[in-house]
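Trainee: Could we go through the aromatic rings of this protein together? I have the sequence and the model open.

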Amino acid sequence: MGSKNKLKRFKENETFANVFQPTREEVVSNNFALKGKWNTDFFKNTNPIVLELGCGKGEYSIGLAEQYPNKNFIGIDIKGARFWRGAKTAVESGMNNVCFLRTQIELIEHCFNENEVDEIWITFPDPQIKYKRTKHRMTNSEFLKRYKKILKPNGIMHLKTDSEFMHGYTLGLLHGEGHEVLYANHNVYKNEGAPHEVTKIQTFYESQYLEQNKPITYIQFKIKP
């Protein structure tokens, strides 16, 4: 994407009522105005809050919001030029149950209160295969601790990925730490019983993976109390 295009998208994001771009300082100092107030101040309802971490272009957040009008969805990514597409689609379609937050996933517990979130989706994250990149894997122990802080006690986690490595690493870690695996599948499009929202919604890259006959894996789990 050209730099002019990026700048144009950044500018347009600033005009969208469904895009929030707090500074790092604002977030780290716990001065982010929507923390603990997403339902009251933005969504104006008491519906469950669902996050998509590393939302990219926002296709999954938009798809889920269309499927579940009685839930609130927040796509989170540090790259605003990417989720511009999802934000623009939501604005043009008049969708009021989805928005986008530009921040780093490591700062997630500074953006939401304890027990504020009902579900978290992690869709096609970078598997960070090299050992020295373990700390950046979005399902490692440290990240799970962050998610636990903001999830309700029975909050649901979802991991959808094309990486067998990420799938295996996460399953191993979940079993090793005693978390509750509700569903796990190495190839959701070839096996029956996958949750509807897992096979109904596809990201741009996911459809490319499927054209290459690349299996898509999925895990649904709960983080232990």
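Trainee: How many aromatic pairs does the count come to?

Mentor: Please keep in mind that this is a predicted model. The count comes to 13 aromatic pairs. One of them is formed by Phe83 and Phe100, with ring centres 5.5 Å apart.

Trainee: Why is the pair of Phe83 and Phe100 called stacked?

Mentor: Their planes stand at 20 degrees, and planes under 30 degrees apart count as stacked, so this pair is stacked.

Trainee: Where in the chain do Phe83 and Phe100 lie?

Mentor: Phe83 belongs to helix 5, residues 80-93, and Phe100 to strand 4, residues 98-102. The two are 17 residues apart, and the pair links distant parts of the chain.

Trainee: Is Phe83 buried or exposed?

Mentor: Phe83 counts as buried because its relative accessibility is 0%, and buried means under 20%. Phe100 is also buried, at 0%.

Trainee: What about Phe124 and Tyr209: how far apart are the ring centres?

Mentor: The centres are 5.9 Å apart, and the planes are at 45 degrees, so that pair is tilted. Phe124 sits in the loop between strand 5 and helix 6, while Tyr209 is in helix 9, and they are 85 residues apart. Both residues are buried.

Trainee: New topic: which residues form one aromatic cluster?

Mentor: Phe20, Phe32, Trp38, Phe42, Phe43 and Phe112 form it.

Trainee: And which ring does the charged end of Lys71 sit over?

Mentor: It sits over the ring of Tyr68, 4.9 Å from the ring's centre. The charged end of Arg85 lies over the ring of Trp84, 5.1 Å from its centre.

Key:
Residues numbered from 1 in each chain as written. Predicted model: local features only at pLDDT ≥ 70, side-chain atom pairs only at ≥ 80, totals over all residues. Heavy atoms only, no water. Phe/Tyr/Trp six-rings, centres within 6.5 Å; stacked < 30°, edge-to-face > 60°. Helix = DSSP H or I, 4+ residues; strand = E, 2+ residues; numbered from the N terminus. Buried < 20%, exposed > 50% of the residue type's maximum accessible area, 1.4 Å probe, protein only. Lys NZ or Arg CZ within 6 Å of the ring centre and 35° of its normal.
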